[in-house]
Every structure is written in C-alpha cells, then in structure tokens.
Amino acid sequence: MSEFEFRHGVMHAESISVPDLAARFGTPCYVYSRAAIARNWKAFQDHLPAPHKACYAVKANSNLAVLQVLAELGAGFDVVSGGEIARVLKAGGRAQDIVFSGVGKSEHEIRYALEHDIGQFNVESDAELDRISAIAVAMDTTARVSFRVNPDVDAKTHPYIATGLEANKFGIPMQDALDTFKRAATLPGLEIVGADCHIGSQLTETQPFLDALDRMLALVDALEAIGITLKHLDMGGGLGVTYQSEQPPAVGDYIQALLARMASHPHLALYLEPGRAIVANAGILVTQVEYLKASRTKHFVMVDAGMNDLLRPSLYQAFHDIVNVCESSAPEITGDVVGPVCETGDFLGQQRTLRVAAGDLLAVKSAGAYGFVMSSNYNTRPRPPEVMVDGNEAYLIRARETLEDVWRGETLIPAQTEK
Ligand code: LLP
C-alpha cells in the first residue's frame, strides 16, 4: 500500500494531487504523508509490546513535525547529537525515551543529556565511558549506559552504510566487550542497562541481524556469568525498504525472527532503532523539468532539484524511482535525470525511461529518509520546503529558504582602501 497513488492519471499524496501541492508550495519540494509515517511506525510498535521498544532514528528525517507525529504515537527516539535531543524535546518527545548513540559525544552534549535525564547513552568507547562517568559524578547523578559492541558481521550492503565490520569506526570490538563491561561496573556514576549494535543500513535479509543477535546473546550470557545482568539488547536500525526491486522482510517477520531467537532470554527486552523503514517511502521530492537536452549519444532531463537537495544518488549511486506525476503522451525517452548543480555527479537518476516534456512535474520517490536532512546550500541554492500531507490538509512544515537564510551569519569585512 502507498499513500502516493495515481488517481485519474495524476499522482496524489493522500487526498491531494501533487500538481496542486506544487502550485501551492513551488518546486523542488519535499512532501511527506502523515498516514504513511504512522502506518510504518505502528508496524514496529505492534510487534514490540513493552518492555520491548522501538526508538525512531532521528537522523533519517528530523523535521519537527515528523518527530511530533511519532511522539504523539508514543515513540522512543535514537539520537546522535545534542541537537537531535533538543529537536525531540521540542517536538514533544519524552527524555526518558531517548537513546543517545554516536561516536563523538562532546562534554557539552553529555551534560545536556544528563540535565534532561535521557533514557540511556549508547557508549562507543572506553574513553567516552570515562567522560560520561566523570560528568555524571560531577553532576551528582547517574548515567544509564549501554555499550555499542561491534559484532563483526557482514551486513551485505553498500560499504558506506555498513557499520558492523571490525574495520568500521563504530563500537567496541566484541573481543574487548567483556573487559569493557567489567571496567564499567567499577566506575562511579553509571548504571549498566544494556548492550547495543548496529550493523548497517538498507539490509534486505534477516540473516545478518540474526548472526549479530547470536553473538550479542553469547555476550549477554558471558556477562551474566560474571554477575552483570542486562535489561535489554538494542539491535539498532537497518531494515531496508523497496527503492526498486528489493524485497526486504516484512517488519513483523523480521521482529518475530529476532524475538524467537531471544526466547531463551525471557527477561531481556529487545530495542530497535528504525529510521529508513519509518520514513523513506513516506516521502517524495517533487521537481519540475526545466529543459530537455540531447547530445549525440544521450538524453538529459534537466530538473530544478539537484544533488544539494537529494544527495543519495550522487553519494551512493542509490536508486530512487522517478515518475511523471501526470500520465503523459509525450514521446518516450531514455536518459539521465540531472540537476542544475555544477558537478558531473549531479544526477537523480540515470538511464531512466520517461514520457516527459519541459514544464512537467516529476516525483522522486522514497525520498523521506536521508533526503532533506542531507541537503546543503551548495551552489547557493536555498533548500526546498517540506510539506506534511494529512488527508485533505497540507501543512508547510519547513519553509523554503530565502537567500537571507542562506547567508545568515556571514559578514563582509572592511573594504580594502587604496594604498
Ligand atoms: N541506529 C544507528 C546507531 C545508526 O547508525 C543508524 C543509521 C540507525 C540506527 C538507523 O538506520 P536505518 O534504520 O535508517 O537504516 N545516509 C545513509 C544512511 C546512513 C545510516 C547511518 N546510520 C543513506 O542515505 O542511505
């Protein structure tokens, strides 16, 4: 099921036609469906009754209204910066439902997190543990900590988004985990509550998750044997979505497979940190065709959105389906859909077959995750607006940037006088 369907030859976002949205908000423009976000969230929530817990990975899409929709549904949140903590709190999320991941937590961020008494820190190194302990002691409080362990499994995904191999910078090596936990148990200001891992993103098979879980459960047992009892295992995010023809497991099947493996540990709760699976297919990027151009060897569809708006195709050669939002009788062409940015790598899609004419509106699909959040002002391009559709209503949840927004904070220096 999709909230972006064609009706009478025109793509709709829930009940509103995409051309109407483009007329109202301009292009390029991100459009999200509240119903899709809620449906994707509920699929996780329904399979994770308390004490299990899903924590939405805020990095995937951190717009305040997106977080608000999830907070209203009772979501937990996985954050990677003080800024993301502030966003969750501003959107109405509860501090105790926040898990704080990330390899480089600053003193300031740790203090801020402790002031708000967040749920837990997912600690990535011994040095970070010492820092958290010292700050918690100085603040006369206790930090709940989990250790991110690197289970060294191959997630079989793009190397830039695989995180659970020993060669990656994340977490502590499995061989060192026992010693690290032992040491943590001797430090003041800490309460050990769990262990966590995240092996990568856009995984389309359950097996790597199960391999990681087996290793984590062996660690749980080894800890138990030395008197350290964990309350939960956080298996991170990473469930893939369909961008093209991938067939990731259904959310329920994936969670049931994990829970079945954990049946031997009935007192251990499962935490998950889904990001992409909640928002990717709940969003599109709407863009207008500026020109059609053909060289002797190639067609180009030049659109008004570029790599600064949606970086994934350029950065990861990621595939996003691109469709004309109105059924068209224009001649079919096969070519690259490219943006206006001055980089050869600025494309949204390559070798796509489309019926398209200048002025048409295209939808770049599955753009709700790692879309706007990875956008930039490269080429002094104001970033696009974000719109949340809810049934018949469309809300502007982030205004299109103005040039003043783009150069806010920049200043001229005194003019150089003639010598
Ligand atoms: N938890 C941790 C500790 C993570 O590092 C990540 C993602 C997640 C959860 C959420 O993973 P998800 O469920 O979304 O796969 N920019 C890349 C993706 C980077 C993901 C980084 N970590 C992309 O556009 O594909």
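**Helix packing**

Angles under 35 degrees count as roughly parallel, over 145 as roughly antiparallel, 65 to 115 as roughly perpendicular, and the rest as oblique. In this predicted model, local features need pLDDT of at least 70 and side-chain atom pairs count only at pLDDT 80 or more, whereas totals for chains, interfaces and linings use all residues. Residues are numbered from 1 along each chain as its sequence is written.

Helix α5 (residues 107–115) and helix α6 (residues 126–138) pack at an angle of about 50°, with their axes 10 Å apart (axes are lines fitted to C-alpha atoms, for helices over the stretch in contact, and angles run from 0 to 180 degrees between N-to-C directions; helices are DSSP runs of H or I with at least four residues, strands runs of E with at least two, numbered from the N terminus). α5 and α6 are therefore oblique to each other.

**Domains**

The chain is divided into domain 1 (4–31 + 280–400) and domain 2 (34–279), with bounds that come from an automatic or database domain assignment. The centres of domain 1 and domain 2, taken over C-alpha atoms, are separated by 32 Å. In all, 23 residues of domain 1 are in contact with 19 residues of domain 2, contact meaning that C-beta atoms, placed from the backbone, lie within 7 Å. On the side of domain 1 that touches domain 2, β20 gives the most, with four residues.

**Ligand shell**

Of the 21 residues around the ligand, Ala57, Ser201, Gly237, Gly275 and Tyr370 come nearest, a residue being near if its C-beta atom, placed from the backbone, lies within 6 Å. Domain 1 and domain 2 each contribute at least three residues to the shell around the ligand.

Key: Two residues are in contact if their C-beta atoms, placed from the backbone, lie within 7 Å.
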